[in-house]
Amino acid sequence: MKRRAVRDVMDRYGLSERWACELADMHRSVFQYQKRDQGDGAIRKRLHELANERRRFGYRRLGILLAR
């Protein structure tokens, strides 16, 4: 939400990223952050399947099942 506000201020008023982030009370590193794809979609899917099958298992036991 704030990122959009910072981008709007930069586009509309021609402010620099530094000033726009200052106005929005946002750190510049947060504005610049880009999420990277971890490439672990298959593992996550299998972990969700195991968690749904065995609802009472914690993360440690699920990790052991996943490793098998």
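Colleague: Is Asp40 buried, partly exposed or exposed?

Modeller: First, a caution: this is a predicted model. Asp40 counts as partly exposed, because its relative accessibility is 27% and that class runs between the 20% limit for buried and the 50% limit for exposed.

Colleague: With which residue does Asp40 meet in a salt bridge?

Modeller: The partner is Arg44; the side chains of Arg44 and Asp40 meet at 3.4 Å, N to O.

Colleague: How many salt bridges does the count come to?

Modeller: The count is three salt bridges. Another of them joins Arg28 and Glu17, again read from N to O, at 3.4 Å. This pair links distant parts of the chain, with Arg28 in helix α3 (residues 28-32) and Glu17 in helix α2, 11 residues apart. Arg28 is partly exposed because its relative accessible area is 32%, and Glu17 is also partly exposed, at 21%.

Colleague: Where do Arg46 and Glu49 lie?

Modeller: Both are in helix α4 (residues 41-53), three residues apart, which is about one turn of the helix.

Colleague: Let us turn to the nonpolar side chains. Which residues make up the largest nonpolar core?

Modeller: The general idea is that in soluble globular proteins nonpolar side chains tend to be buried together. Here the largest nonpolar core has seven residues: Val6, Met10, Ala20, Cys21, Ala24, Met26 and Phe31. Helices α1 and α2 each supply at least two residues of this core. Of the contributors, α2 gives the most, with three residues.

Colleague: Which residues make the nonpolar surface patch of about 500 Å²?

Modeller: That patch is made by Tyr13, Leu15, Trp19 and Leu23. Leu15 sits in the loop between α1 (2-13) and α2 (17-24). It is worth checking how Leu15 is classed: at 31% relative accessibility, Leu15 is partly exposed.

Colleague: How many aromatic pairs does the structure hold?

Modeller: A pair of aromatic rings is described by the distance of the centres and the angle of the planes. In this structure there are zero aromatic pairs. A ring can also be read against a charge: Arg61 lies over the face of Phe57, at 3.8 Å from the ring centre.

Colleague: Next, the backbone. What is phi of Asp25 near?

Modeller: Most residues other than glycine have a negative phi. Asp25 is not glycine, yet its phi is positive, near 55°. Asp25 lies in the loop between α2 and α3. With a relative accessible area of 66%, Asp25 is classed as exposed.

Methods
Residues numbered from 1 in each chain as written. Predicted model: local features only at pLDDT ≥ 70, side-chain atom pairs only at ≥ 80, totals over all residues. Heavy atoms only, no water. Patch = residues over 30% accessible without salt bridge, like charges linked within 9 Å, V, L, I, M, F, W, Y side chains within 5 Å. Areas by Shrake-Rupley, 256 points an atom, 1.4 Å probe, with all protein chains shown as cover. Salt bridge = Lys/Arg side-chain N within 4 Å of Asp/Glu carboxyl O. Helix = DSSP H or I, 4+ residues; strand = E, 2+ residues; numbered from the N terminus. Buried < 20%, exposed > 50% of the residue type's maximum accessible area, 1.4 Å probe, protein only. Phe/Tyr/Trp six-rings, centres within 6.5 Å; stacked < 30°, edge-to-face > 60°. Lys NZ or Arg CZ within 6 Å of the ring centre and 35° of its normal. Core = buried A, V, L, I, M, F, W, Y, C linked by side-chain atoms within 4.5 Å.
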